[in-house]
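Hi,

Here's the structure I promised to pass along.

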Amino acid sequence: MKYRYIISLLVVMCPAWTVLSQSLSIKKEYASTLVQLSGTLLELQIDGNKKADCGALACSTCHVLHTRAAEAVYPFAVSYRITGNKRYLKGAKNAATWLIGQQQPDGSWKETPEEWTGTTTDQLLMLLLAYDVISGELDKQENASWLAAITKAADYLHQVMKPEFASINYVATTTATLATAHQLTGTERYLARARELAHRTVSKMDEGGFINGEGGRGVGAKLGIDLGYEMEMSLWGLGLYARITGDTLVDNRVRNALKTHLNFIYPDGSIDNSWGIRSNKWTMYGGATSDGCQALFSLYADDDPRYASASYKNLLFLRENILPGGLIGYGPHHNRVFETQPCIYPTFTKAKNLAMAYQFETTQSRPNRPLPTEKIGWVKYFDNLDVVQVRTKNFMATMTSYRYKDQKAGSKSKYMFRPDGGTMSYLWVEGHGALQVSSVTEYSRPEPMSFPEAPGVKCLTPQIYYRDSIGYFTNLFEFDARMSTNALDNGRFRVKASGELKNRDWINGGVAYAITYTFTDDFIEKKVVLTYHDAFPTVIITEPFVMQAGMEISQANDKTVTINAGKKNFVFTTDRDGKLIVGKDAEHYWTPYPAIKAFPIEIEIAPPKGGFTQTVIYRIALER
């Protein structure tokens, strides 16, 4: 991949693999959280041999028995191996029995309550992996039932799975599923189809190893990149296939991809999928319905010691999202923005991921090494993505102008409300955590099962916009923004983005914008230049800030807002008099994904009285 990686010469860089203070008991860490989550899931399992739904997992939020929840068969099986506790063995058997009972005549499973059957690959793979762990514990009838269901499901996948049928993560997972089915059954057509699908999938990788296939359909197959689904689904699927089959072509493609994807693990372990086309399910620890990154990092842990460190840091971040009662929430503020428990999807998907990680990991401990994002003093432009990262002593940020468009569906596409237009989609502060995060530009429920009701929620992404009788025009709907980067003196970095304020149909609103970001160790400055060429509206700049526990935001004067956050305090200042609006509609600044509560600061910009441009400069600075 071609990307520009500019490092300030004024900053002393630590060696890539500088040893940190301790090693990681990585397998023990996986086991600890896996057993914890398995215990939670086991409590949700319907028990009693006489009950028709014995073995299913109850979801109190959705009031439905999710067939995918039976993928807990594998976390239960591995938890049994770890603990020797027969409760987990019984749970695994019961989950499998119930799942087999839900199988359709064609061998598929529906993703209840939906009709989608592509998730058959996830259910079958977990059944296969669980069989490998506990087959010796099955009686003759159970064994026959498992094998019959496995064969029917594998036949179904062999028949239907391809990029024209499903998003690419299903195709990538199926490579591992069919390769594993071949190991068990010896059916050669499974292996042949697995190889065909694996090579088709890696053919869709760009020069950085990002797979173009998660969004809307072009001429048949899907297009678009999503980092989250790649790290938590596609890449480990391809890696496991390669491990089973010895396919070095696929294995090398995954290895090269992982080197690039590692850059999107933030210093606190959060995964930066703020910009991906499926970021509408971004939880910061990963995705709400995708599996997790530990499986991927454990498969390739021998390649680079930083992979275990990234995996562990993300695991720590995930643990912070486990709620009282044991379920995993939709983000760091779940209990602050929801009065109800989350769906069980994040819990069983992360549990199966940790079960795989535990099984794939070959050693008890790994050295702890700093991540690329822990180094200080650089700007990196991923020109295959039009995504920029900047890291200074105190700040790390992502800016995105990723250009994917769902040309066929247009504004009806669920993939076209991600942050864009050169906006800052994620801002993290050393010793504080997330200061700004992004959310969808307009919230909707394209998959009612996966998207909670959230009437009236406001977008958390920093944006430039205006509303009038014609509609809503924002830089977030600019999917053709132009970006550039450069390093300045004294450890400063500059990022520029420019485009047009557009509506949801990507139609220009008559006002152009240019944003210049300047990053230093102690502040971030934004210079916004508006050019009024065909319209003269009042424009609003909105900067929502994540309201961490105990934070207080107050307006000091016409130009200054203080943000008191305990260990780190900030000052927001602007060069414009009397134009600050603080806290307007604050109760609506929250989002289901990621589950975050925020607080808005706005700058109102009147149209020029003379000429055709307006300029505003403002800063977010650490208080000294």
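**Notes on the model**

Thr474 sits in strand β12 (residues 472-474); strands here are DSSP runs of E with at least two residues, helices are runs of H or I with at least four, and both are numbered from the N terminus. Bear in mind that this is a predicted model, where local features need pLDDT of at least 70, side-chain atom pairs count only at pLDDT 80 or more, and totals for chains, interfaces and linings use all residues. Residues are numbered from 1 along each chain as its sequence is written, and side-chain values use heavy atoms, with hydrogens and water left out.

Back to Thr474: this residue is buried, with a relative accessible area of 0% (buried is under 20%, exposed over 50%, partly exposed in between, using a 1.4 Å probe and protein chains only). Leaving out neighbours within four places in sequence, Thr474 is in contact (heavy atoms within 4.5 Å) with residues including Thr441, Tyr465 and Leu501.

Helix α4 (residues 120-134) has 15 residues and spans 21 Å from first C-alpha to last, close to the expected 21 Å; that expectation is 1.5 Å times one less than the number of residues. Of the 15 residues in α4, 14 are buried.

Then there's β24 (residues 613-622), which pairs antiparallel with β16 (residues 523-532) over 9 bridges (pairing takes at least two DSSP bridges between two strands). Lys526 is opposite Tyr618 of β24. Strand β20 (residues 568-574) also runs antiparallel to β24, joined by 5 bridges, and Val571 faces Ala621 there.

Cheers
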